Amino acid sequence: MSNKPDYGFWKLWNLSFGFFGVQIAYALQSAQVSRIFSTIGADPHDLSYFWILPPLMGLIVQPIVGSASDRTWNRFGRRLPYLLIGAAVAIIVMCLLPNAGSLNLSVGSAIIFGLIMLMFLDTSINMAMQPFKMLVGDFVNEKQKGLAYSIQSFLCNAGSVVGYVCPIILAMFLANTAPEGEVPATVTWSFYIGAAVLALCVIYTMVKVKEMPPRQYAEYHGIEYVDKAARKKADKKDAGKENMFVLLRKAPKVFWSVGLVQFFCWAAFLYMWSYSTDAIANHAFDAPAVESFKGIKIYEGNTDSNGEKIYKEFADKYIYNGDKPVISDGHLCFGGVDINGVLTTPATLSIGTDTIIAGGEIVYVGGVAKVTPDNGVVARSGQTVTVDGEDIILTEDALTHSALSLIKPGETLTMAHISTVDRTTGKTVLEQTEKITTTGAQEIAPITSTVLNSASKQYQDAGDWNGVLLAIQAIAAVVWSIALARFRKRKLAYSLSLLLGAIGFISVMFITNRYALGVSYALMGCAWAAMLAMPFTILTNALSGNHIGTYLGLFNCTICIPQIVAALVGGGILSWFAPSANGAPDTVWMLVTSGILLAIGALAVWGIRETFGAGGKKDGEGVELVSPAAQELADTEM
C-alpha cells in the first residue's frame, strides 16, 4: 500500500469548489422553504412535518448512492457522475419550487406541490453534496484531511452567505411583497440565481477534477486491483457478504458514537430551519396575527360526561352553501351587510373616499381583511354610504355578516378538498366532496387557528432578515473553523462549539432587537462549523479500503434520522407552549428546544474514541513515506 501524497492548496481547493454552488442551493432551502410554505398558507404547527420527506428520501437514497459510487468507474469518474445527476435535478427543482403559490392551485394542492419539490430538492442537493465528501476521502491523506475539510467548510459557508443574503439584496431592486398566497419576487429570483451558480460550479468541477484510475485507487487504499470484468464478477459474488447491512454491522465504534452526537445536532438545526422565520417575525418584527379558518364544527345536541358539547368537525379547505362559498382557503367568506335593516350583498361599499367593501370582500388598508364569525360594524348610523354607486343615509349601524352566520336549518353544505374554476365556463368545480344537511337542532361554529399574517410586510421583512442572520451564522462558522484548526484536542473543540451554539439558540428567547440577534446566530455558527468538519474528519480517519463511499452514505443516515424524528414530534412540542401575546404560536420556544438538544450533544462528544485506519491504529503508527514519483503525480493531476 502506498501512502497518499500531499497536495498543494489549489488542488485541495478544486476538490471542494463545487460545494460553493451546492451550498447556495442548500442555504436557500434552509432559510426560505418554511417561509414559502407559510406564505402559501401552511399552519405553523405543521411546518416541521413538511421536513419529514426530505430526510426520509436521504435515508434511502444516500446509502444507495454511496454504495453505487464505490462500484462506479466510467469516463466521467467514480463520484462525479452522481454530482452531475444530483445537480441537474436540483437546478430544475429550484426553478419550480418558489412558484408553488403562483400556479392557480388551491392552498392544499400548492402545499402538496411544494412538498414534492422540497423532497426532490433536498434529495438532489444531498446527492450532489456527497461526491465532494467522498473525493476528499479518496484523494487526501490523513495528515491533510483536516485542511481539506476546512477548505470544504469555508466554501460551504461562503456559499451559505450568498444564498442567505440574496433575497435582502434583491429587495433593493424587486418587490418584497406579493398577493396573498404567492411568494415575493425576491425569493423567486434568489432561487433562479442559485440554480445558475450551481450549474457554473458543476461545470468548473468537471473541468478541474480528474478522478484517479482504478489501479491507482487500489494502490493508495490498500486493496487488490481487479480489472472491470473481474470487478463485476466479484461484486455479484460478494453482494451478500459485503452488502450495506453487513458493513453496518462491521462499522467501527466511532461510527456510532459520532452518530449519537449527530442526532442531537441535526434535530436542533431542523427546528431552526422550520421555525426561525416565524420566531423572528413574532419577536423582533411584531408581525401581525390573523385568524385562519380551517373548517367548521357542528353540535348535534350531544354532550360528554362533563356536560361539554360534543362537536363533529369538518376541516376541508372549501365549504359551500349551494353555490356560495362559506370558507375558502382559510378565509371565512363575506355573506352580506345590513343596510338600514335590509341584508344586501354589495360588490362595493364606500364612505367618501374610503372603500369598505370591494369585490365582495371587506377591505382595509394593506389588503383583504379576514371576515370574523361575529357581525361587525362597518359604518355608523347617520353616515352616508355609497352602495354599488347609490348614496344611502344610514338610519342604523351597517353590520357585516359572515357566510357562516347565514346558514339556515335544512340547507345542504358541500365540503371540498379542491376547488378550481373552469376557464371555459367560469364555473367553480369541486373535487373530493362531502355533503351535510343541517337541521334545526344543529349549531355551527368555525374551526380557527391564529397565525402570523404571512402576507404582511413585517413578515416578509423578517424572512429577509432571517437570511441575513443565517449569513452571520455562516460567516461566524468560517471564522470559527479557522480557530478549530488551532485546537490540539479535537473533542474539546467539538464539545465547546456545540455548547456555544446551545447558548446562541437559547439567547434568542431573550432578545427582541433584530441587530442583537446577530450575536445569537454567530454563536450558532460555531456549532455549525464543528458539525460540518468534525464528524467526517473523525469518521474518515477511521476508515480505509474499498467501502468509504458506502460508509459515508450510511453515515448520512445520522443526519436524516434525527431530522425525521424531530419533524414528527415538532408540532406536538410546539403545542406544549402557550401562544404569544398576539395569539399566534410562540415558535421561539422551538429554538430554545434546539439549544437544549445541542447542549446534550456537547456532552455526548466525550463518549467518542478516535481511531485511525481499518486496524484502529493510533495517529503516527505505520506511516509510510510518499515516493517522489507519487508526489510528482499528485502535483500534476487534477
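## Helix 17 and its surroundings

Helix 17 is largely enclosed by the rest of the structure, because twelve of its 17 residues are buried. The model described here is a predicted one. The helix covers residues 588-604, and the distance from its first C-alpha to its last is 25 Å, close to the 24 Å expected at 1.5 Å a residue.

The buried residues of helix 17 are Val588, Met590, Leu591, Val592, Thr593, Ser594, Gly595, Leu597, Leu598, Gly601, Ala602 and Ala604. Their cover includes helix 11 (253-283), helix 13 (490-507), helix 14 (517-541) and helix 16 (557-576).

## The chain as a whole

The chain has 638 residues, of which 54% count as buried. Its secondary structure comprises 18 helices and 18 strands. Among contacts with a separation of 6 or more, 77% are between residues 24 or more positions apart.

The accessible surface of the chain amounts to about 27100 Å², and carbon and sulfur atoms contribute 61% of that area.

Strands of a sheet pair through backbone hydrogen bonds, either parallel or antiparallel. In this model, four strands form an open sheet in the order 7-6-15-12, with antiparallel pairing. Strand 7 (342-344) and strand 12 (376-379) stand at the edges; each has a single partner strand, so one side of each is left without a neighbour in the sheet. From one strand to the next, the twist averages 35 degrees.

Within this sheet, strand 6 (residues 334-339) and strand 15 (residues 398-402) run antiparallel and are joined by four bridges. Phe334 has Ser402 in strand 15 as its bridge partner.

## A hairpin of strands 8 and 9

Strand 8 (residues 348-351) and strand 9 (residues 354-358) also run antiparallel, and four bridges join them. Thr348 stands opposite Ala358 of strand 9. The two strands form a hairpin with two residues between them, and Gly352 in the turn has a positive phi of about 65 degrees.

## Salt bridges

Side chains of opposite charge can pair when their charged atoms come close. Four salt bridges are found in a search of the whole structure. One of them pairs Arg35 with Asp464, whose closest N and O atoms are 2.9 Å apart. Arg35 belongs to helix 2 (residues 19-40) and Asp464 to helix 12 (residues 457-484), so the pair ties together parts that are 429 residues apart in sequence. Arg35 and Asp464 are both buried.

Another salt bridge joins Asp397 to Arg380, with 3.0 Å between the closest N and O atoms. This pair links distant parts of the chain, 17 residues apart: Asp397 lies in the loop between strand 14 (390-393) and strand 15, and Arg380 in the loop between strand 12 and strand 13 (384-387). Asp397 counts as partly exposed because its relative accessibility is 25%, a value that lies between the limits of 20% for buried and 50% for exposed residues.

Asp461 is partly exposed, with a relative accessible area of 25%, whereas Lys457 is exposed, with a relative accessible area of 52%.

Definitions and conventions
Residues are numbered from 1 along each chain as its sequence is written. This is a predicted model: local features need pLDDT of at least 70, side-chain atom pairs count only at pLDDT 80 or more; totals for chains, interfaces and linings use all residues. Side-chain values use heavy atoms; hydrogens and water are left out. Two strands pair if DSSP finds at least two bridges between them. Axes are lines fitted to C-alpha atoms, for helices over the stretch in contact, and angles run from 0 to 180 degrees between N-to-C directions. Buried means under 20% relative accessible area, exposed over 50%, partly exposed in between (1.4 Å probe, protein chains only). Contact means heavy atoms within 4.5 Å. Accessible areas come from the Shrake-Rupley method with a 1.4 Å probe; for residues, only the protein chains shown count as cover. A salt bridge is a side-chain nitrogen of Lys or Arg within 4 Å of a carboxyl oxygen of Asp or Glu. The expected span of a helix is 1.5 Å times one less than its number of residues.
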